[in-house]
Structures are given as structure tokens and as C-alpha cells.
Amino acid sequence: MAILDTLRNAWTTKSIRNKIIFTLLMLLIFRVGAHIPVPFIDRDALQQMFQGEGTATMMMFLNTFSGGALKNFSVFALSIIPYVTSSIIMNLLTVVIPALGRLAKEGDDGRRKITQYTRYGTVILGFVQGMGFTVGMMRGFLTVPQGALMIPTYVLIALVLTAGTAFLMWLGEQITEKGVGNGISLIIFAGIVAGIPDVVKNLVPDVFSGVIAWYQAILLLVIGTVLIAGVVFVQEGQRKIPVQYAKRVVGRKVYGGQSTHIPLKVNQAGVIPLIFGFSIINFPMIIGSWFPQGGRASEFIGTWLTMSAKLEAIPFLLFFAFLIVFFTYFYTGITFNPVDVADNLKKHGGFIPGIRPGRPTSDYLSKILTRVTLAGGVFLAAIALLPILIQVVTNIENAQIGGTSLLIVVSVALDTMKQLESQLLQRNYSGFIK
């Protein structure tokens, strides 16, 4: 009921209502563009490939993010993935390269320069990824006129895909600036939600025709409901470290003395470890698609290096889970530095009760963070392996409940609602701010 009250109050506020309408219009443009085709592609044959068995998991992963645009190979087929990858690379470089690290700490001017570098990286990665998809994956679906040169055709398609990604990047920035929520996240959110009707369309006929038993469908629905509740619980879960500030006398005024806490989220890394993990484990599958079907290399990759419910795939699945846990620790270490937090507490007269300031505080935070991050990493690994687990439990192939997609949808929905609540709260208190 609190969510409905927030939406109702936001809609009755003119300024926020205009932002919501602007956001919806931008998302509508995204959905229209997802159906504008790229030239020289046989989309019927491409859709048959997606409907067949053995489709690469990374292809389905990217198709989900693009809202079906990759399946149709539209101008938005690459979705916003090149921008996300470029942003991740820039975040890593700010830690590795001191010059970028100093630039990130220079305030708005530094952040604007880093944003500009991210845009350049998006265009470069979009073109490289567009060429890779066109030459490596879509070469068999080209309908080039007889006598036409292939290389200019590849370049043209890659440029169209790059332009689509650049337009989506601009669209997301406009939503962030003039709308509600994070624009890039909302575009991914809209792409995932747009695929729900297709899931229902595929499952319902199978239930009525008897291909899927009614108890299997109910079990699938129960798993989905429990999963949503679990994702919300973990996403909102945090370990609160109590902090006490000592009283300071400056002139005739007394500062400090209040109590607060440091929130350590269970899933501090978000969905980034999943993206890294999928990128690595799907590399062999993409390479395998370049080999002749039925050959030894293709058969080996399809048996041992693929995500499936087969016994032969268990070592590969365990390796995938290990990668996710590793990247969870890696990215959490980048985004949260216990040494910096301890130094900031010491500078401002803050301390954790029972822990001495300085090095003991940073060691204590590192110990707590290690335990909390382990729970987050195991949670993300379970989310990634969820489709396989559902297939084993329900015996339904292609159940299409993606844990990664569900995690993104719930996370974006929660963040957007929190932003709406903060804007409403700011408006209610605006009369006291002069």
C-alpha cells in the first residue's frame, strides 16, 4: 500500500508528474526503435536460431537486456551493454591509473570529463561489438545483394548498431537529467519487462496442451514468487556498524556527540559480478559457434563448456559460481575502501564503540565486509544458476525465469521508488528551505 500511496502522491504533484510522463515517452521511443530493422539481415532465419536448442547463453542474456531487439536484430540490438561495459572499465581505471583517480576527485568538472571518456569508450566498444556480432554470429543470416562487397556491408551494419547504442546512451542521460530514476537502468528495466508477454505466450499454451503439467506450472509460479521476495530481502539487507562522534567545543559551540551507523549492504556489488561472469564463461560458447557443427571442438564445448542440467556441465557451473563470488569481492573492494572510511571517521572525530580509531577500525570493517560479501556472492551465484535449478526441480526446459533479469528488475524498481519518495519529501519540506 505504501508503494501505491507514493505513486498516487507523485502523480498528483505536477512537477513530478511531468517527469514521469517524460520518462514514459523516452521509454516508448526505446520500444519503437527496438523494432526498426538493420538492413541486409534475414530476421526469420535469425528468430528460428533463437527458438532452437543450443542457443548461446550470452546471446539470450543480451537479447533479454535489449528487449528482444537482438532477436530481431534491430538498430538497438546491442542495447546499452557497451555503455555499461565502458562505465565498468572507467571505474576500474580510476583505481589503477592515478591521473584518472585524481580526476574523479575534482568534483563536477572531473566527473564530466570521465563521463565524456565513458561516451568515447561506448562508441568504440559498440563498433567493435557490432563488428564481432556481424562477422562472427550473424554472417550466416546476411542477405547481401549479389555482387556487393562484404566488408563495406559489415562496416555499414556495425555503424548502424553503434549509432543505435549511442542514441540509447543519450536517451538514458536525458531520462536521468529530466525524468525519474537512473536512465540507463530504466532502459535495461524496460527491455526485460518487455519480454514478459513472450514468456507468458510461450508457457500458457504448453500448460493447456498438456506439454507442461498444471502442478509444474504452479511450482514455477511459487518459485518465482519466493524468488522475488528473496531478492527484495537481500537487496534491502545491510549490516549496520554503529558509529559514535565525540563532542568537540569550538568557541562557545559544542559539535558532535550524536550516534549514527555505517550501512554495509549484503549485495554491495549489485549486478556487476554477473555481467563479468557471463562475459567470461560465454566466451568459449561464442568461439564454439565459429567451428563446424558436429566437429570435435564444437562437440567438446557443447558438452563440457556450456550451462545445462547435464552432469558433464557440473564442473563448468561450479567454476561459473566461483567466478561470480570472486568478482563480488573484487568489485566490492573497489567501491568500498575500509582504510579510507576509517581515516574519514578519525578526521571527523568518529569511532566505532569498542574499536580504536585508525588501523584497528579498518581491520574491523574489513572483517565484517568479508563476511557480508560472502553472503552476497553466494546469493549472486545462486541467482545466476537459477534457470538450471528451476529446470531440475520443475523438469521444464527453457523455464525462462532468469534470476539476473529478476534481480535487475527488482533493484531498479526499488531505486526508482526511493527516488520518488525523496522527491516528494524534498517538496514537502521545500517551504522550510529559503
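These legends describe close-up views of a predicted model. Residues are numbered from 1 along each chain as its sequence is written, and side-chain values use heavy atoms, leaving out hydrogens and water. Because the model is predicted, local features need pLDDT of at least 70 and side-chain atom pairs count only at pLDDT 80 or more, while totals for chains, interfaces and linings use all residues.

**Figure 1. The protein chain has 20 helices and five strands.** Helices (H or I, at least four residues) and strands (E, at least two) are DSSP runs, numbered from the N terminus. Of the 434 residues in the chain, 40% are buried; buried means under 20% relative accessible area, with a 1.4 Å probe and protein chains only. Contact means heavy atoms within 4.5 Å. Among contacts between residues at least 6 apart in sequence, 72% join residues at least 24 apart.

**Figure 2. The largest nonpolar core has 70 residues.** A nonpolar core is a set of buried Ala, Val, Leu, Ile, Met, Phe, Trp, Tyr and Cys residues joined through side-chain atoms within 4.5 Å. Phe-73 and Ile-80 have the most contacts inside this core. Helix α16 (residues 314–335) gives the largest share, eight residues. Another core, of 12 residues, lies apart from it and includes Ile-241, Val-341, Leu-369 and Val-372.

**Figure 3. Helix α6 (residues 81–96) packs against α16.** The angle is about 60° and the axes are 10 Å apart. Axes are lines fitted to C-alpha atoms, for helices over the stretch in contact, and angles run from 0 to 180 degrees between N-to-C directions. The angle makes α6 oblique to α16, a term for angles that are not under 35 degrees (roughly parallel), over 145 (roughly antiparallel) or 65 to 115 (roughly perpendicular). The crossing is left-handed, meaning that the near helix is turned anticlockwise from the far one by less than a right angle; clockwise is right-handed. Asn-91, Leu-92 and Val-95 of α6 meet Phe-330, Tyr-331 and Ile-334 of α16.

**Figure 4. Helix α2 (residues 14–33) and helix α10 (residues 183–194) cross at roughly 60°.** Their axes come within 10 Å. The angle makes α2 oblique to α10, and α2 passes α10 in a right-handed crossing. The contact is made by Thr-23, Leu-27, Phe-30 and Arg-31 of α2 and by Leu-186, Ile-187, Ala-190, Gly-191 and Ala-194 of α10.

Conventions: Buried means under 20% relative accessible area, exposed over 50%, partly exposed in between (1.4 Å probe, protein chains only).
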